[in-house]
Amino acid sequence: MVLKENISVGFIGTYTKNESKGIYRINFDTISGNIENINLAYNIENPTYLTLDRERHILYSTCKINEKAGVSSFKYWKEDNKLHLINSNLSEEKPPCHVSLNNSHEILISSNYHENKMFVYKTLDGLILNSPMLGSHSGSSVNQLRQEKPHIHCSMFTDDDKYILSIDLGIDKMIVSSIKDGKLYQNENLSYTFPAGTGPRHITYANGKHYYYVLSELTSEIFVFDYKAKSNIVFENIQTLSSLSKDYKGTKSGSAIRIHKNNKFLYTSDRGNNSLSLFHINSDNGKLKYIDTISCNGDSPRDFQLDPSGKFLLCANENSDNISIFSINSITGELTFIKSENIPTPTCIEFI
């Protein structure tokens with residue numbers, strides 16, 4: 001069976017509390033914005049974050065199996081509603097919170113918020129190999145409830161695969177590391193320290209550009225960096241601005257940040273006021289202009305994703321057990337709410 005051209009396949013990561021059983025698969029209509037089918041693709045505990053090797057048809061996930069936690073890999077095909085387990089690599093007590101791949105899809109990174117661990121695995125056609133490189137951080141910051149120790153929330157390679165960037169909420173740092181002769185090295189002189197209490201969470205970059213964007217959780221701010229691989233200052237902070245409207249005075253809890261494939265629009269989500277925000281990206285200097293903040297039409301928008309057509313945004317609202325679907329204005333980037341679909345405790349969305 002061949003899926004229709006207007007159908008994109010997506011996978012949903014979840015917390016397996018309440019009704020969730022694991023990783024779900026959806027068929028998404030890129031013309032109507034409808035989710036046509038929802039199936040349990042694989043029964044596994046706490047697959048809260050996913051990443052894809054689309055060329056090899058492999059999905060990687062955080063997970064917990066019995067008393068151990070770590071990462072698992074799966075084979076998928078568009079025509080098959082199920083995922084097929086390749087292997088798991090388990091050495092942690094609590095599940096990681098983030099996974100990412102390098103450009104060649106041969107290195108997998110997992111970040112563990114609770115255990116202050118960053119594992120760098122080699123992979124072979126989806127096999128997650130043993131003997132990973134292990135990174136950890138040291139220190140604390142001013143928020144005694146959230147920053148009493150390091151909390152690695154997100155790690156990924158730079159677009160040229162030269163460095164690994166680890167965003168640590170607990171110590172207000174972006175740690176820059178590199179791999180040399182099979183070993184992981186922290187480049188402290190290249191790392192960036194955020195203002196105390198910022199609580200940086202996630203990072204993204206514009207494809208084909210040298211601008212990187214970090215969203216903070218505790219202060220709901222966006223930090224814009226100019227990446228200069230051959231400079232003494234590899235990451236220069238060129239702009240800092242709120243991810244919320246200037247008049248907002250309530251609780252702040254920045255969660256996800258993503259860039260539209262046209263490199264013109266940047267979006268963020270915030271669990272403090274259950275919202276999505278839109279920014280325009282200046283193509284000349286990478287700086288942002290705040291446009292608008294709207295309701296996410298759910299509770300706790302932990303993450304969101306843009307569909308492959310670039311016409312829709314799907315928001316995973318963890319506490320209200322739903323995915324809210326928005327259309328994207330191709331000229332302005334503005335979002336219009338279309339509908340909501342029930343999926344238990346969604347936390348991450350990835351499209352094939």
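A salt bridge here is a side-chain nitrogen of Lys or Arg within 4 Å of a carboxyl oxygen of Asp or Glu. With that in hand, let's walk through this predicted model, in which local features need pLDDT of at least 70, side-chain atom pairs count only at pLDDT 80 or more, and totals for chains, interfaces and linings use all residues. Residues are numbered from 1 along each chain as its sequence is written, and side-chain values use heavy atoms, with hydrogens and water left out.

Searching the whole structure turns up 13 salt bridges. One of them joins Lys-17 to Glu-318, with 3.2 Å between the closest N and O atoms. Lys-17 sits in the loop between strand 1 (7–14) and strand 2 (22–29), and Glu-318 in the loop between strand 27 (312–317) and strand 28 (322–328), so this pair ties together parts that lie 301 residues apart in sequence. Strands are DSSP runs (E, at least two residues), numbered from the N terminus. Glu-318 is buried, at 6% relative accessible area, whereas Lys-17 is partly exposed, at 38%. (Buried means under 20% relative accessible area, exposed over 50%, and partly exposed in between, using a 1.4 Å probe and protein chains only.)

Next, look at Arg-54 and Glu-350, a salt bridge whose closest N and O atoms are 3.2 Å apart. Arg-54 belongs to the loop between strand 4 (50–53) and strand 5 (58–65), while Glu-350 is in strand 30 (residues 346–351), 296 residues apart. Arg-54 is partly exposed at 41%, and Glu-350 is buried at 10%.

Lys-68 pairs with Glu-93, the closest N and O atoms being 2.9 Å apart. Here Lys-68 is in strand 6 (residues 68–75) and Glu-93 in the loop between strand 7 (84–92) and strand 8 (98–101), so the bridge connects parts 25 residues apart in sequence. Lys-68 is partly exposed at 36%, and Glu-93 is partly exposed at 46%.

Salt bridges also link Arg-146, Arg-201, Glu-217 and Arg-271 in a network.

Note on methods: Helix = DSSP H or I, 4+ residues; strand = E, 2+ residues; numbered from the N terminus.
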